Amino acid sequence: MKKIIPLLLLASSLWQAPAHAQDKGKIGISMPTVALQRWVIDGLALGRSLGKLDYEPDLKFADNAPKQQIAQIEKMITDGVRVLIVAPVDGPALKDVLQKAADKKIKIISYDRLIRDTPNIDGYATFDNYQVGVMQGEDIVNRLGLKDKAGPFSIELFAGSPDDNNAFFFYNGAMSVLKPYIENGRLVVESGQTAMEAIATPQWNGVTARLRLDKLMTAFYKTKRLDAILAPNDGISLELLATLKRLGYGSQGKEFPVVTGQDADLNSVRSIIKSEQSSTIFKDTRALADVAVNMADALMQNKPIPVNDTKTYNNGVKLVNSFLLKPVLVDKSNWSKILVDSGYYKSYVISK
Ligand code: BGC
């Protein structure tokens with residue numbers, strides 16, 4: 001958190017809304033937290049794109065607390081927003097407040113994470129979340145050489161927060177690749193913990209995941225090597241790597257296990273360059289912000305929103321019209337091409 005606040009302050013100081021930004025009305029942006037770098041970049045990218053179209057952005061971060069997010073959205077409703085762009089902390093918790101919004105004819109866009117159990121969603125802008133999991137699973141299979149019948153190898157599995165719909169898509173995607181190898185014995189989960197309930201990480205809290213790994217290492221890997229970890233995002237990967245380092249992995253000929261990730265957070269990119277974390281999944285949040293802003297703009301004009309998927313995301317009440325962007329695997333071989341050449345990061349920021 002401490003590291004993120006200066007980033008937020010710096011970024012906000014760089015973000016100036018254009019002079020006429022109030023002409024077309026106010027749009028609320030509700031992001032889950034500043035504790036993970038990506039949401040800060042998302043929030044600012046959304047604000048910038050809305051400003052360019054002469055909307056007035058109202059950006060708030062919810063500190064990973066569902067009640068705080070509800071209160072912030074209530075305030076946005078009172079303040080007269082015309083559209084809400086919301087990445088929910090807790091998928092089903094927003095039902096009532098979104099009903100209040102819909103009663104005032106406010107349009108609602110679900111951003112990156114699916115808002116569940118409500119009819120009041122006008123569009124969903126996200127990535128192909130199942131594919132994110134598939135790519136994480138495939139990265140483990142490829143690095144261990146499982147297709148060439150190498151192994152058996154040991155693996156432990158970690159998943160995201162059970163109140164985040166995405167976490168299930170990531171998990172199911174990864175398991176679609178890993179399960180056959182677990183079943184044929186090429187991958188061995190020494191802890192036996194493979195079910196979502198056993199491996200989930202509430203609130204995506206990296207420390208919680210690290211404490212779980214600490215216990216697993218003591219119970220199952222005192223003498224045995226751990227070869228791979230399915231880590232669902234970079235915040236968790238980096239915490240897990242701290243435990244691995246403490247136990248001597250990465251030094252004296254003891255190689256790190258394969259450790260996956262997601263988000264291309266700066267510190268994970270640096271870790272990949274140092275050959276610690278194996279890979280991450282890059283989701284270009286600039287492109288996601290543009291999709292959400294185009295949705296908002298279309299809704300404001302009563303025009304059809306951009307949609308390329310109408311079948312994948314059922315939020316418990318209805319199938320939601322969605323636009324899915326493509327995730328990209330990033331590792332030591334392509335980080336510069338994918339992240340620097342695309343202008344997502346400046347190379348001097350990575351090497352700082
Ligand atoms: C997002 C990930 C993020 C995670 C934790 C997920 O819903 O898709 O990019 O790492 O939440 O915030």
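**The ligand and its shell**

Author: Start with the ligand: 13 residues surround it, and the closest are R38, D112, R113, D164 and D263. A residue is near a molecule or strand if one of its heavy atoms lies within 4 Å of it. This is a predicted model, where local features need pLDDT of at least 70, side-chain atom pairs count only at pLDDT 80 or more, and totals for chains, interfaces and linings use all residues. Residues are numbered from 1 along each chain as its sequence is written, and side-chain values use heavy atoms, with hydrogens and water left out.

Reader: How many residues of the shell around the ligand are charged?

Author: Sort the shell by class. Ala, Val, Leu, Ile, Met, Phe, Trp, Tyr, Cys and Pro count as nonpolar, Asp, Glu, Lys and Arg as charged, and the others, Gly among them, as polar. The shell has 4 nonpolar and 3 polar residues, and its charged residues number 6.

Reader: What is the distance from an oxygen atom of the ligand to an N or O atom in the side chain of D263?

Author: Look at polar contacts, pairs of N or O atoms within 3.5 Å (within protein, one must be able to donate a hydrogen and the other to accept it, and residues adjacent in sequence count only if both atoms are side-chain atoms). For D112, the side chain has an N or O atom 2.7 Å from a ligand oxygen. For N233, a polar side-chain atom is 2.9 Å from a ligand oxygen. For D263, the distance is 2.5 Å.

Reader: How much of the ligand's area does the protein bury?

Author: Accessible areas come from the Shrake-Rupley method with a 1.4 Å probe; for residues, only the protein chains shown count as cover. Taken alone, the ligand exposes 310 Å². Of that, the protein buries 98%.

Reader: Which helices each supply at least two residues of the shell around the ligand?

Author: Helices (H or I, at least four residues) and strands (E, at least two) are DSSP runs, numbered from the N terminus. The helices that each give at least two shell residues are helix 2 (37–52) and helix 6 (165–183).

Reader: Is Q277 buried or exposed?

Author: Q277 sits in the loop between helix 10 (266–273) and strand 10 (279–282). Its side chain makes a polar contact of 2.8 Å with the side chain of S268. Buried means under 20% relative accessible area, exposed over 50%, partly exposed in between (1.4 Å probe, protein chains only). At 1% relative accessible area, Q277 is buried.

Reader: Which residue's side chain joins that of S161 in a polar contact of 2.6 Å?

Author: S161 is in the loop between strand 6 and helix 6. With 1% relative accessibility, S161 counts as buried. A polar atom of its side chain lies 2.8 Å from the backbone nitrogen of Q203. The side-chain partner at 2.6 Å is D163.

Reader: Why does Q203 count as partly exposed?

Author: Q203 belongs to the loop between helix 7 (196–199) and helix 8 (206–220). Its phi is positive, near 60°, in a residue other than glycine. Most residues other than glycine have a negative phi. Q203 counts as partly exposed because its relative accessibility is 32%.

Reader: What is the relative accessibility of N302?

Author: N302 is in the loop between helix 11 (285–300) and strand 11 (322–325). Phi of N302 is positive too, near 55°. N302 counts as exposed, because its relative accessibility is 68%.

Reader: What is omega near for the peptide bond from G151 to P152?

Author: P152 lies in the loop between helix 5 (129–144) and strand 6 (153–157). Most peptide bonds are trans. The bond from G151 to P152 is cis, with omega near 5°.
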